[in-house]
Amino acid sequence: MTKDALLPPATLPPATLPPAALLPAPAPAAAPSAPEPRPRHGVTLDGVIHAAEGMMSGGLSPGAQWLAFADWGLHLANAPFRRYELAQAWARQLHRLYDVAAFGETAIERAPNDHRFKDADWRTPPFNFYAQGFLLTQEWLEQAANGPRGVEPANSRIVSFALRQLADMASPSNLPWLNPEVLREAMNTGGANFVVGAVNFLTDLQEAESGRPSGQDQFVIGRDLAATPGEVVYRNELIELIQYAPTTSRTRPQPVLIVPAWIMKYYILDLSAHNSVIRLLVAQGFTVFCISWRNPGSDQRDLSLEDYRRLGVMAALDAVSDICGGTKIHACGYCLGGTMLAIAASAMARDGDDRLQSVTLLCAQTDFSEPGELQLFITEDQVAFLEDMMRAQGYLDSRQMSGAFRLLRSNDLVWSRMIKTGMLGQRTHPNDLMAWNADGTRMPARMHAEYLRRLFLEDALAEGRYFVEGRPIVVGDVRVPIFVVGTETDHIAPWRSVYKIHLLNDGEITFALTSGGHNAGVVSEPGHKGRRFSIARRAAGALYVGPDEWLKRAERREGSWQPAWWAWLAERSGEPVAPPPSGSARFPALYPAPGAYVREP
């Protein structure tokens with residue numbers, strides 16, 4: 001494939017298409033590394049069957065589900081006294097429900113993040129009986145799933161998850177004749193809410209088929225999203241590197257390189273003008289660079305994790321260092337990009353490469369021993385099943401990934417949405433975050449298999465068994481200051497898991513815990529109503545403090561975490577100087593940001 005072919009003409013105006021002569025030569029290939037232990041590859045007949053099953057099961061392995069219930073069921077069958085305890089517990093639940101019916105008592109409160117029974121009418125008869133009966137049953141199912149002793153923890157989690165999904169399906173809030181909000185809306189509109197809901201349902205089907213939600217056309221990449229001015233100064237077969245134009249007369253001499261995750265498009269950090277992390281950082285007087293990853297297709301199925309390090313992080317560092325005259329670099333990684341940055345920084349430290357001034361990790365895990373609810377989908381059986389799926393198509397599609405994430409938050413993303421759009425006849429107004437979320441990416445088959453196996457299943461990075469160019473790396477070798485951000489309600493990278501970097505590195509670490517989730521918590525801009533965060537610095541060599549103790553000791557502040565990060569970067573930067581030019585002789589400016597890769601479907 002020629003370099004010109006990498007830029008689809010339909011995605012950029014003709015004037016912005018770069019001549020082939022301006023495109024930099026690909027980075028030289030690194031020396032071949034020692035082979036990593038990898039599962040058997042190649043299409044098999046069994047793999048074809050598994051791939052077909054995956055299309056019908058949403059990527060969930062039927063074998064993993066059956067094995068989990070078999071483990072749980074056999075142990076429960078061999079535990080008569082545990083069954084007796086569960087029977088007693090069920091009898092107590094029925095007695096509590098009787099008190100609800102007879103005396104109008106509230107036997108159990110809904111969880112703070114469960115909005116299904118938030119309406120006041122759920123506390124009045126007969127709806128309180130329905131809601132309390134459901135919550136008591138759900139509580140009992142959780143008790144039943146957690147045990148008996150001897151069940152593999154992974155299987156216990158799968159059973160608990162499956163029972164929770166089944167219970168959520170049977171919630172009285174999902175039935176229009178038992179939901180007081182729906183009944184009230186039907187009386188107020190004469191039943192028109194059901195007609196509107198039916199139209200919404202058909203619209204949802206069309207959107208699912210097209211892959212583009214309605215109303216998102218008002219958010220155009222390069223105009224409304226990813227619109228911070230800049231130039232693409234480097235491109236290879238995997239990345240485009242964007243250098244953003246300064247908005248201050250002088251900038252800090254140390255630039256900031258942002259490494260976003262490739263499980264998402266980079267402009268989660270460059271949304272609208274008011275909440276763009278990148279635009280706000282540029283306004284603080286920093287020279288900012290950001291990687292824009294290519295959205296791979298089946299022909300990139302053999303891209304590896306090492307390719308993402310070498311052609312991504314290291315190639316970008318080479319370009320930034322050349323453009324900025326060899327000054328040291330503040331590197332910032334988000335989510336999976338943060339994990340890759342930690343890998344790259346560890347390898348650099350091992351090899352004596354001292355180009356980094358600091359490292360910032362946003363919702364990025366380095367220890368995967370407790371990765372949260374994603375553990376439900378990371379078992380040997382499930383990973384092997386996914387490998388067969390990816391081997392057939394060459395990648396893991398964004399729809400397949402988003403299905404798993406929706407299941408993790410099915411109350412909010414499935415059932416509550418069904419009630420709002422299908423029964424109440426309401427539509428959510430599109431916003432920039434929704435438009436970004438609908439713009440999915442793909443994960444190359446080999447890379448994603450290595451990611452799941454080496455990091456999740458084997459936890460190789462935390463245990464010193466992750467190899468780069470044939471030699472092991474350890475996060476503890478990184479000797480530059482580290483700033484880490486976790487979010488309170490993150491279900492992808494739980495903050496206590498992110499916090500484990502304190503166990504892997506005894507250097508200076510500043511940890512900030514912000515309100516919000518994996519995306520909204522990071523994007524929260526100054527002035528965002530209701531935001532808060534806690535922050536504390538651990539000096540190099542200080543004793544370890546556990547996450548719960550840290551939370552008690554940390555300073556609590558109102559507002560966004562970003563100004564604290566800007567100040568932290570400024571303290572570790574030199575006095576402002578004249579900004580560097582856009583590009584260099586070796587890495588000339590090619591065409592305007594946001595480039596071409598971000599526009600690839």
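Reply: What follows goes through the sheet, then the core, then the cysteines and a few charged pairs.

The model is a predicted one, and its sheet is open, built from eleven strands in the order β14-β13-β12-β11-β6-β5-β3-β4-β2-β1-β15 with mixed pairing. At its edges lie β14 (555-558) and β15 (591-592), each of which pairs on one side only. Within the sheet, strand β2 (residues 239-244) runs antiparallel to strand β4 (residues 288-293), the two being paired over five bridges, and Ile239 has Trp293 of β4 as its bridge partner. Helix α20 (residues 562-571) packs on this sheet, where it touches several strands, including β3 (256-259), β6 (356-362) and β14, and the direction of α20 makes about 165° with that of β6.

The largest nonpolar core comprises 145 residues, and Leu241 and Leu257 are those with the most contacts inside it. Helix α9 (residues 305-323) supplies the largest share of this core, eleven residues. Leaving aside residues up to four places away in sequence, Leu241 touches, among others, Val233, Tyr234, Leu257, Phe289, Ile291, Ala316, Ala319 and Val320.

As for the cysteines, a search of the whole structure finds zero disulfides. The sulfur of Cys335 has its closest cysteine sulfur in Cys363, and because the two are 7.5 Å apart, they are too far from each other for a bond. Cys335 is buried, with a relative accessible area of 12%, and Cys363 also counts as buried, at 1% relative accessibility.

Turning to charged side chains, the count of salt bridges comes to 34. One of them joins Asp121 and Arg184, whose closest N and O atoms are 2.6 Å apart; this pair links distant parts of the chain, with Asp121 in the loop between α3 (80-103) and α4 (127-145) and Arg184 in helix α6 (residues 180-189), 63 residues apart. Asp121 is partly exposed at 28% relative accessibility, and Arg184 is partly exposed at 34%. Another salt bridge joins Glu549 and Arg553, with the closest N and O atoms 3.1 Å apart; because these residues are four apart in helix α19 (residues 547-553), about one helical turn separates them. Here Glu549 is partly exposed, at 34% relative accessible area, whereas Arg553 counts as exposed at 58%.

Methods:
Residues numbered from 1 in each chain as written. Predicted model: local features only at pLDDT ≥ 70, side-chain atom pairs only at ≥ 80, totals over all residues. Heavy atoms only, no water. Core = buried A, V, L, I, M, F, W, Y, C linked by side-chain atoms within 4.5 Å. Buried < 20%, exposed > 50% of the residue type's maximum accessible area, 1.4 Å probe, protein only. Contact = heavy atoms within 4.5 Å. Disulfide = S-S within 2.5 Å. Pairing = 2+ DSSP bridges. Axes fitted to C-alpha atoms, helices over the stretch in contact; angles between N-to-C directions. Salt bridge = Lys/Arg side-chain N within 4 Å of Asp/Glu carboxyl O.
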